Amino acid sequence: MMNSQQTTFLSDLLQNLQIHILEAHLTQCTASWQMLDFTPEYNKLYWILDGEGWLKVENQELNLLPGQLGLIPAHAMQSYSTISNRPYLKYWCHFTAHIGSFDLFQWLDIPLYIDVRHNEQMTAWFQELTALHHEPSLTSRLREKAVLLQILSAYLEAVPVQILQKRTDEMDRLGQLRQFIEQNLHKSITVEQMAKSVHLHPNYLIKYFKKHFGMPPAKYMQRKRIDKAKFLLTTTSLSMKEIAEQTGYEDTNHFAKSFRKDTGFPPTEYRMNVHGGKHNSSTKNARNSD
């Protein structure tokens with residue numbers, strides 16, 4: 001399992017996750033269902049309803065059974081074929097899940113399949129995903145992503161999630177960079193200082209940052225400052241001046257403008273809304289317990 005630092009880091013990256021569904025179908029495979037030694041740039045989900053088949057991912061061979069959900073990662077050497085006169089009946093989905101220049105599953109070391117406990121729910125999700133994918137409406141594009149995220153969340157909740165061994169050094173460096181930024185949010189730090197903290201050349205750091213975080217360093221720092229401001233507004237009684245100082249803004253006016261631009265609320269209104277919401281929730285719970 002991932003340690004707390006890795007979990008926090010990956011959660012931070014997931015805020016920039018870009019999901020794109022390429023295909024989603026229900027297919028009765030034929031005797032000619034076969035392809036050998038290819039490396040797609042997309043992930044694949046196979047929800048097996050019936051039949052038999054053979055898959056190979058890198059050096060691991062699989063014979064997925066009905067009631068099993070396979071997740072085949074992008075950029076892995078793959079093969080598949082039928083093995084009998086009962087080829088698969090399956091839902092399948094091709095998708096990308098990018099964080100910066102990397103696919104999510106280029107970071108994670110997870111099993112290639114799971115046994116699904118609630119087959120009806122999984123089938124219903126795939127039915128909905130497939131139907132939405134073939135609808136041209138604007139809302140269908142949004143809803144199909146929501147359904148896919150439900151499937152992926154169920155998958156990841158069912159397996160031990162670890163960082164790929166070949167990614168641990170990279171994650172350590174990115175974690176150091178993230179920690180340096182969070183410890184210095186109250187300061188005006190430069191790209192040169194960031195680069196020095198992880199022993200990279202300043203010119204390379206910007207490309208490196210966008211490749212992994214999906215945004216330039218300045219935008220990332222702004223997001224982290226706003227996140228810290230939200231935390232301080234909702235968990236402390238610090239003044240606007242004190243919060244501005246702790247989040248690296250030169251004065252309260254600059255802080256208020258930046259906060260409103262990012263959240264749609266002035267800081268004082270945000271604090272009042274959140275505290276008011278907590279109060280209303282507490283009052284409602286107290287009434288319900290009467």
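Color the chain by secondary structure and you will find 10 helices and 12 strands. Both are DSSP runs numbered from the N terminus, with at least four residues of type H or I for a helix and at least two of type E for a strand. This is a predicted model, in which local features need pLDDT of at least 70 and side-chain atom pairs count only at pLDDT 80 or more, while totals for chains, interfaces and linings use all residues. Residues are numbered from 1 along each chain as its sequence is written, and side-chain values use heavy atoms, leaving out hydrogens and water.

**The whole chain**

Zoom out. The C-alpha trace spans about 75 × 60 × 35 Å along its principal axes. Of the 290 residues, 42% count as buried; buried means under 20% relative accessible area, exposed over 50%, and partly exposed in between, using a 1.4 Å probe and protein chains only.

**Stop 1: the cores**

Select L45 and L69. These are the residues with the most contacts inside the largest nonpolar core, which has 52 residues. Such a core is a set of buried Ala, Val, Leu, Ile, Met, Phe, Trp, Tyr and Cys residues joined through side-chain atoms within 4.5 Å. Beyond its neighbours within four places in sequence, L45 is in contact with residues including L69, W92, F126 and L152; contact means heavy atoms within 4.5 Å.

**Stop 2: strand β7**

Now select residues 78-81, which make up strand β7. Which residues point which way here? Q78 and Y80 point one way, S79 and S81 the other way, and all are buried. Strand β2 (residues 34-38) runs antiparallel to β7, joined by 3 bridges, and Q34 stands opposite S81. Strand β4 (residues 54-57) is also antiparallel to β7, with 4 bridges; there, L55 has Y80 as its bridge partner. Two strands pair if DSSP finds at least two bridges between them.

**Stop 3: aromatic rings**

Rings of Phe, Tyr and Trp (its six-membered ring) pair if their centres lie within 6.5 Å; planes under 30 degrees apart count as stacked, over 60 as edge-to-face, and the rest as tilted. Next, show K90, whose charged end sits over the ring of Y46, 4.3 Å from its centre. That description requires NZ of Lys or CZ of Arg within 6 Å of the ring centre and within 35 degrees of the ring normal.

How many aromatic pairs are there by this rule? The count comes to 11. Pick Y249 and F255: their ring centres are 5.5 Å apart and their planes are at 50 degrees, so this pair is tilted. Y249 is buried at 7% relative accessibility, and F255 is buried at 0%.

Then pick F259 and Y270, an edge-to-face pair with 5.3 Å centre to centre and 75 degrees between the planes. Because F259 lies in helix α9 (residues 252-263) and Y270 in helix α10 (residues 267-288), the pair ties together parts that are 11 residues apart in sequence. F259 counts as buried at 0% relative accessibility, as does Y270 at 17%.

**Last stop: R223**

Finish in helix α7 (residues 217-235), where you will find R223. Is R223 buried or exposed? R223 is buried, with a relative accessible area of 15%. Not counting residues up to four places away in sequence, R223 touches D12, Q15, N16 and M215.
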